There are 2 protein chains.
Amino acid sequence: MTQSAITNNTITNYTFEELTIGQSVSFTKVVSDEHIQLFAATSGDVNPVHLDDDFAATTQFGKRIAHGMLTGAFISAGLAMQLPGPGTVYLGQSLTFRKPVFIGDVLTVTLTVKEKRTDKPFVTIDCQVTNADGKAVAFGDAVVMAPEAKATITVPAMPKVTIG
Amino acid sequence: MTQSAITNNTITNYTFEELTIGQSVSFTKVVSDEHIQLFAATSGDVNPVHLDDDFAATTQFGKRIAHGMLTGAFISAGLAMQLPGPGTVYLGQSLTFRKPVFIGDVLTVTLTVKEKRTDKPFVTIDCQVTNADGKAVAFGDAVVMAPEAKATITVPAMPKVTIG
């Protein structure tokens, strides 16, 4: 497993040349009500299955679920911040949503280099999101243009967001 | 073009049976700095190409760009709120990111029913995101399980979010 290249203040990328097939990073995300509120505000999807406990209790899920594409957002952040990291250009993503995600779920996102083109700095990255039971929640392939220049950048502060 | 089924307070879905090949909805999103800040806070991607004007000026893009997956978030909201709408279960999504998205870009998201399975209520929906110049910014296919029961639901309020 590749060590995460995020320090407190900087991120260092992996260049196309440095990336090797099988190289991977893994990180966890604990899904919170805040994630769901923020995804709703960002996307405009205020469906009650995500936001309304009483409504969600009447659905097949029995309680509120996260938006499926929230896992896509986590994957995209892993590509941009960790593997390959800064300078990466996102070209495409496939995603299969396999299981619902609930508040409190501990998701593990694992990104693994699967294929490198020889004619262009394009890399296919296998993306797996599992829950605490080890069950696949979402998976797919990302295609990115990996950075060609090594870079260490200062990480901007997380935007301060207040809900409610 | 299918009329949007969102009123001020309620949304009505389209059931699997009601959906017809070629049926479509279209809506616009003006990409704002707020969208980018919220997507950063939601996903954890605080890359300076999204958040730092000075850094972004040094990149190939010349100015700050939106996160690619923000277009995925807009598409997912369209599926969940409009076509097919409430009761839809998101099964998968493919996305190609073709052009960068900048603050102020007026994006048009168009969702069109492309295929209906006969054995299961699964529907493939063509997803196109274009900018004000009519250029494709992102596109792909969504696969959803369409609702089987007609439903009109009350839309929860948009979460109140304050940035900064």
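# Chat about a two-chain model

Author: In this predicted model, the buried residues of H1(B) are B:His35, B:Ile36, B:Gln37, B:Leu38, B:Phe39, B:Ala40, B:Ala41, B:Thr42 and B:Ser43.

Reader: How many residues does helix H1 of chain B have, and how many of them are buried?

Author: H1(B) runs over residues 33-43, and nine of its eleven residues are buried. The helix is therefore largely enclosed by the rest of the structure.

Reader: What follows H1(B)?

Author: B:Gly44 does, with a positive phi near 90°.

Reader: New topic. What is the order of the strands in the open sheet?

Author: The order is E2(A)-E4(A)-E5(A)-E6(A)-E3(A)-E3(B)-E6(B)-E5(B)-E4(B)-E2(B), ten strands with antiparallel pairing.

Reader: Which strands stand at the edges?

Author: Strand E2 (24-30) of chain A and strand E2 (24-30) of chain B. Each has a single partner strand, so one side of each is left without a neighbour in the sheet.

Reader: And how are neighbouring strands turned against each other?

Author: By 20° on average, with direction ignored.

Reader: Pick a pair. How many bridges are there between E4 and E5 of chain A?

Author: Eight bridges, in the antiparallel sense, between E4(A) (residues 106-116) and E5(A) (residues 122-130). Across that pair, A:Thr108 stands opposite A:Thr130.

Reader: Which strands does H4(B) touch when it packs on the sheet?

Author: H4(B) touches E3 (89-97) of chain A, and in chain B it touches E2, E3, E4, E5 and E6. The direction of H4(B) makes about 145° with that of E3(B).

Reader: At what angle do the two H4 helices pack, and how far apart are their axes?

Author: H4(A), residues 69-81, and H4(B), residues 68-81, pack at about 180° with their axes 10 Å apart. That angle makes H4(A) roughly antiparallel to H4(B).

Reader: Which residues meet there?

Author: From H4(A), A:Met69, A:Gly72, A:Ala73 and A:Ser76 meet B:Met69, B:Gly72, B:Ala73 and B:Ser76 of H4(B). By class, this contact has four nonpolar, four polar and no charged residues.

Reader: Last topic. Which residues have the most contacts inside the largest nonpolar core?

Author: A:Ile75, A:Leu111, B:Ile75 and B:Leu111, in a core of 78 residues.

Reader: What is B:Ile75 in contact with, leaving aside its neighbours within four places in sequence?

Author: B:Tyr90, B:Gln93, B:Leu95, B:Val109, B:Leu111, B:Cys127 and B:Val129.

Definitions and conventions
Residues are numbered from 1 along each chain as its sequence is written. Chains are lettered from A and ligands numbered from 1 in the order in which they are written. This is a predicted model: local features need pLDDT of at least 70, side-chain atom pairs count only at pLDDT 80 or more; totals for chains, interfaces and linings use all residues. Side-chain values use heavy atoms; hydrogens and water are left out. Axes are lines fitted to C-alpha atoms, for helices over the stretch in contact, and angles run from 0 to 180 degrees between N-to-C directions. Helices (H or I, at least four residues) and strands (E, at least two) are DSSP runs, numbered from the N terminus. Angles under 35 degrees count as roughly parallel, over 145 as roughly antiparallel, 65 to 115 as roughly perpendicular and the rest as oblique. Contact means heavy atoms within 4.5 Å. Ala, Val, Leu, Ile, Met, Phe, Trp, Tyr, Cys and Pro count as nonpolar, Asp, Glu, Lys and Arg as charged, and the others, Gly among them, as polar. Two strands pair if DSSP finds at least two bridges between them. Buried means under 20% relative accessible area, exposed over 50%, partly exposed in between (1.4 Å probe, protein chains only). A nonpolar core is a set of buried Ala, Val, Leu, Ile, Met, Phe, Trp, Tyr and Cys residues joined through side-chain atoms within 4.5 Å.
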